[in-house]
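Please look at the sequence and the model before reading on. The explanation concerns one ligand and its surroundings.

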Amino acid sequence: MKKKTHSEKETYDLAKDFAKKLKGGEVLCLVGDLGAGKTAFTKGLAAGLGVKGIVTSPTFVLMKIYPVKSSPAGILLETKLFNGVNKANHRIKEMAHIDAYRLKEGQELINIGAEEYFRDKECVTVIEWADRVKEIWPKGCTKIYFKILNGDERVIEVKK
Ligand SMILES: Nc1ncnc2c1ncn2[C@@H]1O[C@H](COP(=O)(O)OP(=O)(O)OP(=O)(O)O)[C@@H](O)[C@H]1O
Ligand SMILES: [Mg+2]
């Protein structure tokens, strides 16, 4: 998938939509310059997954784990989409948000136990500045590239 967005809101909405395709266990490696929209995308993703609360950049704590709101069982069986939130993927219980901006090597993420989240089928992991820790990208991770064009234009490309 390759899409152009023209505002932060559009990037957010694109990610919110993208979240509905996720099943759990995905590791999303976000690559793009400062201000390219990685955090905006992550916020939309969180909204689409049904994360409650505010998602902020984890630059200082390295990794934040957000619980995904569980859905009422009845509604789950009836409908895939409820309130615009992904209910089909009830398996997803957490979103792990990593910011690798300050890291010199991926080993630092291994040391704090990030791989446990990579492996977790009930978790979706998002890594901002993932290009800084390329050596620890898990097999089969999804790469998402952000390019800044003119002004508010961004190109967002998802590669398997
Ligand atoms: N099409 C767009 N998509 C996303 N953000 C946009 C867009 N157009 C303008 N912006 C602006 O660009 C900035 C994107 O910030 P954001 O924090 O999401 O980037 P980032 O890639 O996470 O940067 P950083 O590397 O500093 O964490 C925001 O100020 C936002 O308002
Ligand atoms: Mg960011």
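Predicted model: local features only at pLDDT ≥ 70, side-chain atom pairs only at ≥ 80, totals over all residues.

Residues are numbered from 1 along each chain as its sequence is written, chains are lettered from A and ligands numbered from 1 in the order in which they are written, and side-chain values use heavy atoms, with hydrogens and water left out.

Ligand 1 is surrounded by 17 residues, of which Glu8, Thr11, Lys38, Thr39 and Asp152 are the closest; a residue belongs to such surroundings if one of its heavy atoms lies within 4 Å of the molecule. By class, this shell holds four nonpolar, seven polar and six charged residues, where Ala, Val, Leu, Ile, Met, Phe, Trp, Tyr, Cys and Pro count as nonpolar, Asp, Glu, Lys and Arg as charged, and the others, Gly among them, as polar. Two helices, α1 (8–19) and α2 (38–49), each supply at least two residues of the shell, and α2 gives the most, with three residues; helices here are DSSP runs (H or I, at least four residues) numbered from the N terminus.

Several polar contacts, meaning pairs of N or O atoms within 3.5 Å, can be traced. A polar side-chain atom of Lys38 lies 2.7 Å from an oxygen atom of ligand 1, a side-chain N or O atom of Trp129 is 3.0 Å from an oxygen atom of the ligand, and Ser7 places a backbone N or O atom 3.1 Å from a ligand nitrogen. Taken alone, ligand 1 exposes 640 Å², and the protein buries 75% of that, with areas from the Shrake-Rupley method and a 1.4 Å probe.

The space taken by ligand 1 is the largest pocket, a pocket being an open set of points, on a 1 Å grid over the protein atoms alone, where a 1.4 Å probe fits, with protein on both sides within 12 Å along at least five of seven lines. About 170 Å³ of space lies in this pocket, and its lining includes Thr5, Gly35 and Arg154. Here too α2 gives the most, with three residues.

Methods: Polar contact = N/O pair within 3.5 Å; in protein donor to acceptor, adjacent residues only side chain to side chain. 1 Å grid on protein atoms, 1.4 Å probe; cavity = no way out; pocket = protein on both sides within 12 Å on 5 of 7 lines; lining within 4 Å. Sits in = over half its atoms within 2 Å of the grid points. Points joined across faces, edges and corners; volume = space filled by probe spheres on them.
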